[in-house]
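Visitor: I'd like to learn how to read a helix and its packing. Could you walk me through one?

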Amino acid sequence: MHDQENTNLLATWEHAYGPTFVYRGFIGAPRLMTTDPVAIAHILHHAYAYPKPDFVRDSLATMAAGHDGLLTTEGDQHRKQRRIIAPAFSKLHLDSLTPIFWDKAVQLRDLCLQQADAHDDAPRIDVLSWLARATLDVIGEAGFGYRFDALSSQATHNELSAAFAVIFSTARKFRVMTILQAWFPVLRRFAHATMERIGLQLIDQKRTEILADASSSKTASASTPRTRDLLGLLIRSNLSSASASVSPHEKPHAAPPAPLNTREVLSQISTFIAAGHETSASALTWCLYALARDTASQARLRAELRRLALEHEREKEQEREEQAQDEHEQVQGSGGEGDGDGDALAARVQACTYLDWVVREALRMHAPVTSTMRVCARPGGDVVPLSVPVRAGAGKQEKEHVQGTGSGSGEWSVRVAEGDIITIPIQAVNRCTRLWGADAGEFRPERWADLPAGARSIPGLLSGMLTFLNGNGSVGAGNRACIGWRFALAEIKIFLYVLVKDMEFWIDDGMVIEKRIK
Ligand code: HEM
């Protein structure tokens with residue numbers, strides 16, 4: 001199981017036992033595994049009836065510093081948090097974070113080009129470690145207005161990033177203290193204490209800024225809020241939650257959500273880092289990997305991006321000429337990546353069809369979160385609908401759990417008992433040949449021009465894949481889809497634009513690259 005990403009184990013099992021079967025987990029405990037889109041939709045659409053199992057929540061809590069963050073809460077507490085946090089991830093707000101993505105992408109590209117200048121030959125770059133630094137900087141600034149300066153060569157040591165490296169075990173260059181802290185959990189307390197201290201300072205600072213903005217906006221006719229990061233937005237939404245209107249999906253008598261307490265707000269800081277830093281770095285790394293392996297797609301993408309840049313330049317030039325004719329107007333700034341007219345360019349990048357296909361295809365082939373688990377919490381169990389019946393032998397020892405109850409009319413189901421654990425194999429669903437066709441294992445961005453019906457049946461937030469999970473259920477039943485999906489897509493596309501437009505990536509043929517599940 002641990003090596004499943006390299007051995008195609010789940011596809012082999014699926015071939016042998018069908019899409020829904022039982023396997024043995026820790027100390028032989030039975031677990032249901034399903035790639036059936038109908039079953040997965042049922043489970044994800046009833047998120048509060050199928051919460052994360054305790055051991056999953058505990059391990060996420062160790063990483064995301066407690067049980068109070070959005071990743072680990074359940075039921076009413078989760079619903080309340082989701083409603084207060086969601087506005088921070090709205091499209092409108094994310095557009096205002098775009099300049100941060102540009103700045104960091106350009107900084108990374110320039111660092112790579114500097115390395116290229118220093119070599120006669122093409123430099124070898126460990127893209128994962130550089131992208132991890134870049135995405136840490138992004139989440140620091142876009143998330144909390146905090147500068148990790150991980151990309152900066154001067155930043156030899158930042159106490160918050162060191163604390164996170166210990167907590168998430170992501171340190172790549174271990175210092176002695178880091179190793180000790182990672183090995184001896186007692187020492188992790190220091191890391192948690194550092195995180196808590198800095199987190200509380202950030203919260204305090206944001207609150208003060210927001211209150212100052214609020215009082216100045218009473219006197220000034222217009223004001224630009226100083227806080228545009230996710231944490232600031234979250235605190236603003238929290239402060240005004242008492243007057244929040246009731247969502248149309250909620251029952252009319254539902255009360256507005258109570259605000260998050262300080263511990264809950266604090267937990268979101270580490271939650272955003274845990275959920276949004278390595279995932280984005282890993283996604284970008286796999287995008288570059290796929291493009292390095294498929295040089296034709298890489299060349300096509302570069303040509304598209306350069307065409308897009310040229311069109312943008314031409315339009316700007318035209319605007320400049322028009323403005324020059326108008327004596328009353330002046331050209332503001334020089335424009336280009338990361339400055340003045342970054343918004344227009346960013347909008348073009350986000351809308352570029354081939355880039356979109358490449359990103360979707362890489363996210364399908366290489367989902368950063370490869371699987372997730374749920375447990376049936378319905379008293380008395382549940383009947384999970386299936387699109388195809390359970391095959392005989394797909395769980396012989398667990399007859400009471402896996403029983404095809406096909407009615408003969410094409411409707412099938414599987415009975416699960418309360419407490420049964422279900423694995424949703426995100427990566428295996430994304431690459432399932434039954435749903436995507438025989439070439440599901442190949443990187444082929446063009447396939448997104450026309451999705452097969454099987455792929456369209458995958459109940460994902462992004463069609464055809466479970467990479468960000470799914471949130472199409474009713475608000476009342478719970479929505480556990482990735483709240484940061486727009487953030488991630490915008491970040492990935494801007495980084496790819498900046499990196500691939502100006503640099504070629506390739507990979508040593510002799511290099512063996514394997515996936516590891518942490
Ligand atoms: C390519 C990048 C990303 C991928 C593939 C990804 C994937 C996922 C997946 C699969 C889940 C569901 C986990 C589960 O319930 O088992 C999730 C949840 C979550 N993600 Fe992402 N994520 C990405 C980026 C981000 C970013 C950038 C942020 C924040 C800045 C973020 C914040 C979250 C949060 C807070 C949750 C918990 C949502 C909830 O339970 O209500 N993610 N993500």
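Visitor: What covers the buried residues of α2?

Guide: The cover includes α1 (4-7) and α18 (426-430). Contact here means C-beta atoms, placed from the backbone, within 7 Å. Helices (H or I, at least four residues) and strands (E, at least two) are DSSP runs, numbered from the N terminus. This is a predicted model, where local features need pLDDT of at least 70, side-chain atom pairs count only at pLDDT 80 or more, and totals for chains, interfaces and linings use all residues. Residues are numbered from 1 along each chain as its sequence is written.

Visitor: Which residues of α2 are buried?

Guide: A residue is buried if 20 or more other C-beta atoms, placed from the backbone, lie within 10 Å of its own, exposed if 12 or fewer, and partly exposed in between. In α2 (residues 9-17), the buried ones are Leu-10, Ala-11 and Glu-14.

Visitor: Why do they line one face of the helix?

Guide: An α-helix has 3.6 residues a turn, so residues three or four places apart point the same way. Seen down the axis of α2, the buried residues fall within an arc of 100 degrees, so they line one face. That arc is taken over the directions from the helix axis to the C-beta atoms.

Visitor: Which residues are exposed on the other side of α2?

Guide: Thr-12, His-15 and Ala-16 are exposed there. Just after α2, Gly-18 takes a positive phi of about 90 degrees.

Visitor: How many residues of the whole protein chain count as buried?

Guide: 40% of its 518 residues. The chain has 21 helices and six strands.

Definitions and conventions:
Two residues are in contact if their C-beta atoms, placed from the backbone, lie within 7 Å.
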